[in-house]
Amino acid sequence: DTRVYIITPGNDFMEFNAHICIRFFDLRLGVRALLPREVTLRQWRVTIGRIPDTDYVFFLRRQDGATLTLLQRFFELEPPQSSPRDIPDPYHLLRYEGRVRP
C-alpha cells in the first residue's frame with residue numbers, strides 16, 4: 001500500500017497539481033493534498049502511528065526546504081525525481097519516495 005501526499009501552496013494550485021500528478025504518474029491510489037503549513041510534527045506522528053508499514057510518496061516544490069527537512073525527520077527518502085517535461089518552476093513538483101524511519 002502506498003500513501004501519496006501533494007504539498008503545495010494554494011487550493012487551486014493543489015487541485016490542478018493533484019490532477020496532473022495522478023494522470024502523469026498513473027496513480028491508482030488515494031491522494032491527499034496539503035498546504036505546507038499543514039505538514040506538522042504532530043500530523044506525522046499521528047499518521048505514522050496509524051500506518052507505519054507502508055510506502056510514501058511526496059510531491060513538493062523545489063523551494064520548499066522547510067517541508068522537506070520536516071519529512072526527513074520521519075522518513076528515509078530516496079533522491080528526488082523530477083519531471084522530464086518542461087514545466088515552469090512555480091508549478092514543478094519533485095517526487096520523493098520513502099518509508100518511515102525505524
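Predicted model: local features only at pLDDT ≥ 70, side-chain atom pairs only at ≥ 80, totals over all residues.
Strand 3 spans residues 55-61. Of its seven residues, five are buried, so strand 3 is largely enclosed by the rest of the structure. Two other strands pair with strand 3. Strand 1, residues 2-7, runs parallel to strand 3, and six bridges link the two. Within this pairing, R3 faces Y56 of strand 3. Strand 5, residues 93-100, is antiparallel to strand 3 and is joined to it by seven bridges. Here F59 has R95 of strand 5 as its bridge partner.

Helix 3 covers residues 65-74, and its buried residues are T67, L68, L70, L71 and F74. These residues span an arc of only 165 degrees around the axis, which means that they lie on the same side of helix 3. The spacing follows from helix geometry. An α-helix has 3.6 residues a turn, so positions three or four places apart point the same way. The face of helix 3 turned away from the buried side bears A66 and R73, both exposed.

The largest nonpolar core contains 16 residues. Within this core, the residues with the most contacts are I7, W44, F58, L71 and F75. Strand 1, strand 3, helix 3 and strand 5 each give two or more residues to the core. Helix 3 is the leading contributor, with four residues. A second core is separate and has five residues, among them V4, I6, F59 and L93.

Strand 4 consists of residues 75-77 and includes E76. Is E76 buried, partly exposed or exposed? Its relative accessible area is 41%. Buried requires a value under 20% and exposed a value over 50%, so a residue between these limits counts as partly exposed. E76 is therefore partly exposed. Which residues does E76 touch beyond its neighbours within four places in sequence? The contacts are E97, G98, R99, R101 and P102. E76 and V100 are 24 residues apart along the chain, yet their C-alpha atoms are separated by 6.2 Å.

Technical notes. Residues numbered from 1 in each chain as written. Heavy atoms only, no water. Buried < 20%, exposed > 50% of the residue type's maximum accessible area, 1.4 Å probe, protein only. Contact = heavy atoms within 4.5 Å. Arc of directions from axis to C-beta. Pairing = 2+ DSSP bridges. Core = buried A, V, L, I, M, F, W, Y, C linked by side-chain atoms within 4.5 Å.
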